[in-house]
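Hi everyone, thanks for coming. Let me put the structure up on the screen, and then we'll walk through a few spots together.

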Amino acid sequence: VTGRLTLTWANDDRALLSNGETGYEWVSKDDPRVREVRLLDEVGRVGDVSGDASDNLLIRGDSIDALRALVYSPEYAAEYRGKVKLVYIDPPFNTGQAFEHYDDSLEHSVWLGMMRDRLVLIRELLSSDGSVWVHLDDAEMAYCKVLMDEVFGRSNFVATIVWQKVYARDNRTDISASHDSILVFTINREVWKNSRTLLTRTLEQDALYKNPDNDPRGAWASDNFSAKAGPGRRKEQFFTIVSPAGNSFYPPSGRCWVYTEPRYEELLADNRVWFGVDGTASPRVKRFLSEVQAGVVPETWWPHGEVGHNQEAKQEIKTLFAGINPFATPKPERLLERIIHIASNPGDIVVDAFAGSGTTAAVAHKMRRRWVTSELSESTVETFTKPRLAKVIAGEDLGGITTSAEWEGGGGFRDLRIAPSSWEVVDDSAGNDVFQADATDNDVLTRAVTAQLGYLPVGHPVFNGAKGRSRLAVVPGVVDAVAVGDIVSALGDGETVLVAALSHTEDASATLRELSRGSRIIRIPGDLFPPQSAVTR
Ligand SMILES: C[S@@+](CC[C@H](N)C(=O)[O-])C[C@H]1O[C@@H](n2cnc3c(N)ncnc32)[C@H](O)[C@@H]1O
């Protein structure tokens, strides 16, 4: 067998169209509805915002539309594409149960298609030192690992974090699940290793350092003096060491000393070799607390004592929203605190495309990160996500990590909604025909075309968008040769124009080519969605 190892599933060559809260549908990858860059309508503001793409953003709607807007619509792409430090997602686990607030029983291949489409966009958002953390349980974890190997490259897999989500055993089942898994991938593992933050050393960890010999350099812990004798070992790592009490030691079978004999002599002279209180034990090397790195390297095992458990998360939501049935599957703030601490710094951008009750955004905000979060369910946004984040900003959320993060309120966010599709697609045997949707007025049409074609919106009497030296003129009607002349006369030196019109007269294209080389006319909406094979971006 040759070639790459890949995961295949039913319909993996098709695209998945989200029908909002009603579910998903497989369609052709050419279908305009799975390629449309949706507009984001502002429905509200909370706290202090500047009113542009650089604010914290709560987006109501499907994560695919939110991610596509961040990656492709130029005003957002300028802020987010290649600039996001951390993406944490806690998608529906596909456990086959229906929670009160959302449905978690997607068909297996639909789940994989749903995740693939979003992970591909997430990869576009991440910065070169960014990472993505995907929270799952056993239902899909193994499949998602293989999928992510394909999307991010197997060498960029960092670890599977094992989070102890419950402390009580479930005696009704065969094997009681005590953990969730969090898959961690980077854009470049080497780069990430140098940028990620160590965990703060705890008092218990410090207490492991002692000073039995009253060394003036302070407390120390001891490390093994022998190591597995791998292929890189040297002859100088095999020698006899005699302890102060006269006992002789040689590396145990299959092992060698960590250091060569000359290095051992140096360490001995510097009082860095320890043979036990009475000088009879086999050698160990002293590691001083004052010399170890400022923190500790994170491990894969995250017990609930350190980062909370499911009940703690539920309690946090109950405290925030007394008297209402809490959100079904919130994550504890301490869990997100650790992830955000490791994978980002204050001021960095954190994205969570499956917001739920808004834990990621709430914790990111308290930790002084910028954030974007999207949630499909309007009622979840209304009941939990938005009010929770508003409380964080007002300084009224006193729970979770508020005290440890010394959070007292401040900042703000924009509340956005994915606008309805501007197009209507009629699926017939000859393929897809695309029309302007009834609700699309001229203003929406112009903005939608500008975003779809990747032009940055500009306020100009003739042009609607700019991309390098190219200008975009959207004409929600017929363009004739006279109109073409007017448009071209507004161009600056060295600029060309793309005219997007509902239709044009026969002489319009010829006139445009004549007046401005490199300029052209396209038809709305048909030419906005050329077959995928012709798409270069
Ligand atoms: C497991 S919950 C997330 C819980 C969250 N981490 C918290 O701490 O509250 C998954 C959430 O994803 C939402 N969701 C499901 N499919 C979605 C989609 N396609 N786009 C956006 N959100 C979606 C569900 O409505 C649900 O609120």
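Let's begin with the ligand: which of the 20 residues around it come nearest? They are Tyr24, Asp90, Ser357, Thr359 and Glu375. Do keep in mind that this is a predicted model.

Tyr24 places a polar side-chain atom 2.8 Å from a ligand nitrogen. On its own the ligand has 600 Å² of accessible area, and the protein covers 97% of that.

One of the pairs is Ala15 with Val27. The two strands make a hairpin with 5 residues between them, and Gly20 in that turn has a positive phi of about 65 degrees.

On to the backbone. Most residues other than glycine have a negative phi, and most peptide bonds are trans. So here are some spots to check. Arg368 has a positive phi, near 65 degrees, in the loop between helix H11 and strand E22. Glu406 has one of about 50 degrees, in the loop between helix H12 and strand E23. Arg368 is partly exposed at 41% relative accessibility, while Glu406 is exposed at 62%. Finally, a cis peptide bond joins Ile524 and Pro525, with omega about -10 degrees; Pro525 is in the segment after strand E30.

Terms used:
Residues numbered from 1 in each chain as written. Predicted model: local features only at pLDDT ≥ 70, side-chain atom pairs only at ≥ 80, totals over all residues. Heavy atoms only, no water. Pairing = 2+ DSSP bridges. Helix = DSSP H or I, 4+ residues; strand = E, 2+ residues; numbered from the N terminus. Near = heavy atom within 4 Å. Polar contact = N/O pair within 3.5 Å; in protein donor to acceptor, adjacent residues only side chain to side chain. Areas by Shrake-Rupley, 256 points an atom, 1.4 Å probe, with all protein chains shown as cover. Buried < 20%, exposed > 50% of the residue type's maximum accessible area, 1.4 Å probe, protein only.
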